[in-house]
Amino acid sequence: MMDICFYCDESITDEKMHHISFFHNEEDRNEILCRECYNEWLQGIKE
C-alpha cells in the first residue's frame, strides 16, 4: 500500500512510513511522514 507524506507529498511505502502525533489548533492530529521528513521533524523537536 502506498501513502502520501504529510510534509513533502511524496508517495511512501509501508516500510518507510513513520507515524507522528502533534497538537494543532486545539486538535490532536495523527499523520505519516517519509523517512527523510521524519528525520527532519526529529531534529526540529530536539532544538
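Modeller: I'll start with β3 and β4, which pair in the antiparallel sense over eight bridges. Bear in mind that this is a predicted model, where local features need pLDDT of at least 70 and side-chain atom pairs count only at pLDDT 80 or more, while totals for chains, interfaces and linings use all residues. Residues are numbered from 1 along each chain as its sequence is written, and side-chain values use heavy atoms, with hydrogens and water left out.

Biologist: What makes β3 and β4 a pair?

Modeller: The rule is that two strands pair if DSSP finds at least two bridges between them. β3 and β4 have eight bridges, so they qualify under that rule. Two of the partners in β4 are L33, which bridges to H18, and I32, which bridges to H19. The two strands form a hairpin with two residues between them.

Biologist: How confident is the predictor in the protein chain?

Modeller: pLDDT is the predictor's confidence in each residue, from 0 to 100. The mean for the protein chain is 89, and 96% of its residues reach 70 or more. Confidence is lowest in β1, at a mean of 85, and highest in β4, at 93.

Biologist: Why is M17 called buried?

Modeller: Buried means under 20% relative accessible area, exposed means over 50%, and partly exposed is in between (1.4 Å probe, protein chains only). M17 comes in at 14%, so it counts as buried. This residue is in strand β3. Leaving aside residues up to four places away in sequence, M17 touches D3, I12, I32 and L33, where contact means heavy atoms within 4.5 Å. D3 is 14 residues from M17 along the chain, with the C-alpha atoms 8.3 Å apart.

Biologist: And what makes up the largest nonpolar core?

Modeller: Eight residues: C5, I12, M17, I20, I32, L33, C34 and C37. A nonpolar core is a set of buried Ala, Val, Leu, Ile, Met, Phe, Trp, Tyr and Cys residues joined through side-chain atoms within 4.5 Å. In soluble globular proteins, nonpolar side chains tend to be buried together. Across the protein chain, buried residues make up 21% of the 47 residues.

Biologist: Which class does I45 fall into, buried or exposed?

Modeller: I45 is at 52% relative accessibility, so it lands in the exposed class. It sits in helix α1, and its C-alpha atom is 16 Å from that of E31, 14 residues away along the chain.

Biologist: How many aromatic pairs turn up in the whole structure?

Modeller: Two.

Biologist: Why is the pair of F6 and F22 called tilted?

Modeller: Rings of Phe, Tyr and Trp (its six-membered ring) pair if their centres lie within 6.5 Å; planes under 30 degrees apart count as stacked, over 60 as edge-to-face and the rest as tilted. The F6 and F22 ring centres are 5.8 Å apart and the planes are at 45°, so the pair is tilted. It links distant parts of the chain, with F6 in the loop between β1 (2–4) and β2 (11–13), and F22 in strand β3, 16 residues apart.

How values were computed
Helices (H or I, at least four residues) and strands (E, at least two) are DSSP runs, numbered from the N terminus.
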